[in-house]
Amino acid sequence: MRVLGNASLIDGDVPMTYAGQAHFGLSGPTDKRCADCASFEPNRQLRLDIGTCKKFYDLTSKKGSEFPESAFACKYFEPKP
Ligand code: SF4
């Protein structure tokens, strides 16, 4: 899992953006995580806390890397219906 940047928060260094995200973490609503987004597709076979981003695929026509559902939301965040 490749981390593209870090944000120093009160709890310490927290990964801000992962490879496979459609845009930079924290460029969307700051109180939301990818797990809350309609574009997040969890990997139900291996682990429940990682998955891929459908919006990444829509933008690049490539399947992106898996990343944690706890990743900070990006500007393409859309709430789950
Ligand atoms: S907030 Fe949604 S669109 Fe953005 S990276 Fe996370 S799952 Fe993808």
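Visitor: Start with Leu26. Is Leu26 buried or exposed, or partly exposed?
Guide: Leu26 is partly exposed, because 19 other C-beta atoms lie within 10 Å. A residue is buried with 20 or more other C-beta atoms within 10 Å of its own, exposed with 12 or fewer, and partly exposed in between; the C-beta atoms are placed from the backbone.

Visitor: Before we go on, what kind of model is this, and how are residues numbered?
Guide: It is a predicted model: local features need pLDDT of at least 70, side-chain atom pairs count only at pLDDT 80 or more, and totals for chains, interfaces and linings use all residues. Residues are numbered from 1 along each chain as its sequence is written.

Visitor: Back to Leu26. Where does Leu26 lie?
Guide: Leu26 lies in the loop between strand E2 (12–18) and E3. Helices (H or I, at least four residues) and strands (E, at least two) are DSSP runs, numbered from the N terminus.

Visitor: And what is phi of Leu26 near?
Guide: Phi of Leu26 is near 70°. That is a positive value in a residue other than glycine. Ser61 is another case, with phi near 60°.

Visitor: Where is the place of Ser61, and is Ser61 buried or exposed?
Guide: Ser61 sits in the loop between helix H1 (54–60) and E5. Ser61 counts as exposed, because it has 7 C-beta neighbours inside 10 Å.

Visitor: Zoom out. How many helices and strands are in the protein chain?
Guide: The protein chain has 1 helix and 5 strands. From the N terminus on, the elements run β-β-β-β-α-β.

Visitor: Which strands form the open sheet, and in what order?
Guide: 3 strands form it, in the order E3-E4-E5, and the pairing is antiparallel. Strand E3 (40–42) and strand E5 (67–68) stand at the edges, each with a single partner strand, so one side of each has no neighbour in the sheet. Two strands pair if DSSP finds at least two bridges between them.

Visitor: How many bridges join E3 and E4?
Guide: E3 and strand E4 (residues 50–53) pair over 3 bridges, in the antiparallel sense. Phe40 stands opposite Cys53 in E4. Pro42 has Gly51 in E4 as its bridge partner.

Visitor: And how many join E4 to E5?
Guide: E4 and E5 run antiparallel and are joined by 2 bridges. The partner of Gly51 in E5 is Phe67.

Visitor: What about Thr52? Buried or exposed?
Guide: Thr52 is found in strand E4. Thr52 counts as buried, because it has 20 C-beta neighbours inside 10 Å.

Visitor: What is Thr52 in contact with, leaving aside neighbours within four places in sequence?
Guide: Thr52 is in contact with Gly20, Glu41, Lys63, Gly64 and Glu66. Contact means that the C-beta atoms of two residues, placed from the backbone, lie within 7 Å. Thr52 and Gly64 are 12 residues apart in sequence and 6.3 Å apart in space, C-alpha to C-alpha.

Visitor: Now the loop between E3 and E4. Which residues does Asn43 touch there?
Guide: Asn43 is found in that loop. Not counting residues up to four places away in sequence, Asn43 touches Ile50, Gly51 and Glu66. Asn43 counts as partly exposed, because it has 13 C-beta neighbours inside 10 Å.

Visitor: Now Tyr18. Buried or exposed?
Guide: Tyr18 lies in strand E2. Tyr18 is buried, because 23 other C-beta atoms lie within 10 Å. Tyr18 and Glu66 are 48 residues apart in sequence, yet 8.6 Å apart in space, C-alpha to C-alpha.

Visitor: Which residues have the most contacts inside the largest nonpolar core?
Guide: They are Cys34, Cys37, Cys53, Ala71 and Ala73, in a core of 13 residues. A nonpolar core is a set of buried Ala, Val, Leu, Ile, Met, Phe, Trp, Tyr and Cys residues joined through C-beta atoms within 7 Å.

Visitor: What does Cys34 touch, not counting residues up to four places away in sequence?
Guide: Cys34 touches Phe40, Cys53, Glu69, Ala71 and Ala73.

Visitor: Last topic, the ligand. Which residues come nearest?
Guide: Gln21, Cys34, Cys37, Cys53 and Cys74 come nearest, of the 13 residues around the ligand. A residue is near a molecule if its C-beta atom, placed from the backbone, lies within 6 Å of it.
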